[in-house]
Amino acid sequence: MKKVFFPQFFLLGALIIVLVSCSPKSDAVKTSAGDSLSKTSESIVPKNHQSEIKSSVAWEEIFKSLPKEWTMLTKKDSKYIIYIPCDYQNQKIILSNKGKYALEHIIGQDAYYFQIKNIRKDENTYLFELQEENTEKGQENVVYTLDIKKNNQALWDVYNDERKMAGITTTDSRFESRYKTVEEPPCLE
């Protein structure tokens, strides 16, 4: 009877030793990705904004003070309109706080969702330090700027659908009724 239990105890002991030696170490590892969250966005900020955008107000308070929805305007015959292309929708930028502070950039039928990491303000210019979770690239740090004008319009420097920076003129969505909406006829393709 002793011979039957010895191989089982030997295998059980060997299995425990293997499991303990293969378990992850409890030492915290500092990754370079963790370091880049505070540094990378600084390097992406255009040089002309780095020194001038400094805010003494907590960024969450800045967030609360901003309009939450912005609609893109298109210039036509020296006037701005809300232009809706065929089988598409106009661009929008939506700020939300549903558990996380977020900026959602809707481009037609695509949407880019960014977590807001910081907002800095200088007069009417706001710099948004954002982070996108991307299945292809992992975490990506992005910077959007918002320059609010006196006429309820604003210029956003954003990623376009080709993921290149572009400026778009917008209006606070509460003032959409001040602009003519032009809807292109449905596409036939």
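Trainee: In which sense do β2 and β3 pair?

Mentor: This is a predicted model, in which local features need pLDDT of at least 70 and side-chain atom pairs count only at pLDDT 80 or more, while totals for chains, interfaces and linings use all residues. Residues are numbered from 1 along each chain as its sequence is written, and side-chain values use heavy atoms, with hydrogens and water left out. Strands are DSSP runs of E of at least two residues, numbered from the N terminus, and two of them pair if DSSP finds at least two bridges between them. Between β2 and β3 there are 3 bridges, and the sense is antiparallel.

Trainee: Is Asn90 buried or exposed?

Mentor: Asn90 lies in the loop between β3 (79-84) and β4 (92-97). Buried means under 20% relative accessible area and exposed over 50%, with partly exposed in between (1.4 Å probe, protein chains only). Because its relative accessibility is 9%, Asn90 counts as buried.

Trainee: Which backbone oxygen does the side chain of Asn90 reach?

Mentor: Leaving aside neighbours within four places in sequence, Asn90 is in contact (heavy atoms within 4.5 Å) with residues including Thr71, Met72 and Ile106. At 2.8 Å, the side chain of Asn90 reaches the backbone oxygen of Met72.

Definitions and conventions:
Helix = DSSP H or I, 4+ residues; strand = E, 2+ residues; numbered from the N terminus. Polar contact = N/O pair within 3.5 Å; in protein donor to acceptor, adjacent residues only side chain to side chain.
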